[in-house]
Amino acid sequence: MIDVLRARFAAYPHRHEGISWDAVAARLAARPEALTVLRRMEDTGGEPDVVDYDAQADEFVFYDCSAESPAGRRSLCLDDEALRSRKRNPPRGSAAGEAAAFGARLMGEAEYRHLQSLGEFDLKTSTWLATPADVRALGGALFGDRRFGRVFVYHNGADSYYGARGWRGVLRV
């Protein structure tokens with residue numbers, strides 16, 4: 001996994017300007033459990049990469065940077081509450097449930113917009129986003145994509161699911 005991350009780090013330098021690969025590698029060596037999470041993200045098509053360093057928290061931030069929503073993480077509703085409420089034709093799981101099982105978390109709206117500033121993502125797919133509690137309490141959920149040269153964040157019922165909508169993870173190490 002280290003070799004995959006190193007190669008991706010070298011291939012996309014604009015995603016992590018000012019961040020040293022040696023510092024990232026040292027952090028990952030000190031936190032081997034993070035490599036397990038990143039491996040799961042990679043194995044399901046996420047292509048995780050370092051996109052930021054949070055100096056206040058002293059953490060490197062990894063996002064799923066696959067061009068489209070990760071292929072191995074689609075056709076899910078937003079969360080386990082939505083999954084339980086689905087009476088007919090339930091999906092195989094939920095985006096938030098899978099993210100938690102991986103050891104990651106769903107990307108939020110600000111993080112999604114940051115990702116989109118690093119390239120063009122979700123031109124054919126869409127991504128479930130961590131949804132504010134007030135929206136979720138009304139049964140809603142947020143998702144984002146890029147269409148017509150713009151980034152859009154929309155709403156949908158949390159129990160809906162689509163073959164082209166998945167989730168992107170965030171891991172702080």
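Is D58 buried, exposed or partly exposed? Keep that one in mind, everyone, and we'll get to it in a few minutes.

A word on what you are looking at. This is a predicted model, where local features need pLDDT of at least 70, side-chain atom pairs count only at pLDDT 80 or more, and totals for chains, interfaces and linings use all residues. Residues are numbered from 1 along each chain as its sequence is written, and side-chain values use heavy atoms, with hydrogens and water left out.

Let's begin with the helices. Two packed helices are described by the angle between their axes and the distance between the axes. Here, helices (H or I, at least four residues) and strands (E, at least two) are DSSP runs, numbered from the N terminus. The axes are lines fitted to C-alpha atoms, for helices over the stretch in contact, and the angles run from 0 to 180 degrees between N-to-C directions.

Find helix α1, residues 2–11, and helix α3, residues 32–43. They pack at an angle of about 70°, and their axes are 10 Å apart. That makes α1 roughly perpendicular to α3. For the wording, under 35 degrees is roughly parallel, over 145 roughly antiparallel, 65 to 115 roughly perpendicular, and the rest oblique. The crossing of α1 and α3 is left-handed, a term used if the near helix is turned anticlockwise from the far one by less than a right angle; clockwise would be right-handed.

Who makes the contact, meaning heavy atoms within 4.5 Å? From α1 we have I2, V4, L5 and R8, and from α3 we have L35, L38 and E42. Those residues divide into 5 nonpolar, no polar and 2 charged. In this scheme Ala, Val, Leu, Ile, Met, Phe, Trp, Tyr, Cys and Pro count as nonpolar, Asp, Glu, Lys and Arg as charged, and the others, Gly among them, as polar.

Now turn to α1 and α2. Their angle is about 155°, with the axes 11 Å apart, and that makes α1 roughly antiparallel to α2. The crossing of α1 and α2 is right-handed. I2, L5, R6 and F9 of α1 make the contact with W21, V24 and L28 of α2. By class, that is 6 nonpolar, no polar and 1 charged.

One pair is left. The axes of α2 and α3 come within 5 Å and cross at roughly 100°, which makes α2 roughly perpendicular to α3. L28, A29 and A30 in α2 meet P32, A34, L35 and L38 in α3. What classes do these residues fall into? They are 7 nonpolar, no polar and no charged.

On to the salt bridges. A salt bridge here is a side-chain nitrogen of Lys or Arg within 4 Å of a carboxyl oxygen of Asp or Glu. A search of the whole structure finds 16 of them. Let me show you a few.

R6 is partly exposed at 38% relative accessibility, while D3 is exposed, with a relative accessible area of 56%. The cut-offs are under 20% for buried, over 50% for exposed, and in between for partly exposed, with a 1.4 Å probe and protein chains only.

Next, the side chains of R27 and D58 meet in a salt bridge, 3.1 Å from N to O. R27 lies in helix α2 (residues 21–30) and D58 in the loop between β1 (48–54) and β2 (59–64), so the pair ties together parts that are 31 residues apart in sequence. And here is our opening question again: at 39% relative accessibility, D58 counts as partly exposed.

Stay with R27 for a moment. Leaving aside neighbours within four places in sequence, R27 is in contact with D58, E59, F60 and V173. The C-alpha atoms of R27 and E59 are 8.8 Å apart, although 32 residues separate them along the chain. E59 also belongs to a network of salt bridges that links D54, E59 and R172.

R92 is exposed, at 53% relative accessible area, whereas E98 is buried, at 15%.

Finally, look for S69, in the loop between β2 and α4 (80–85). S69 is buried, with a relative accessible area of 0%. Not counting residues up to four places away in sequence, S69 touches several residues, including R74, D122, R165 and W167.

Technical notes: Contact = heavy atoms within 4.5 Å.
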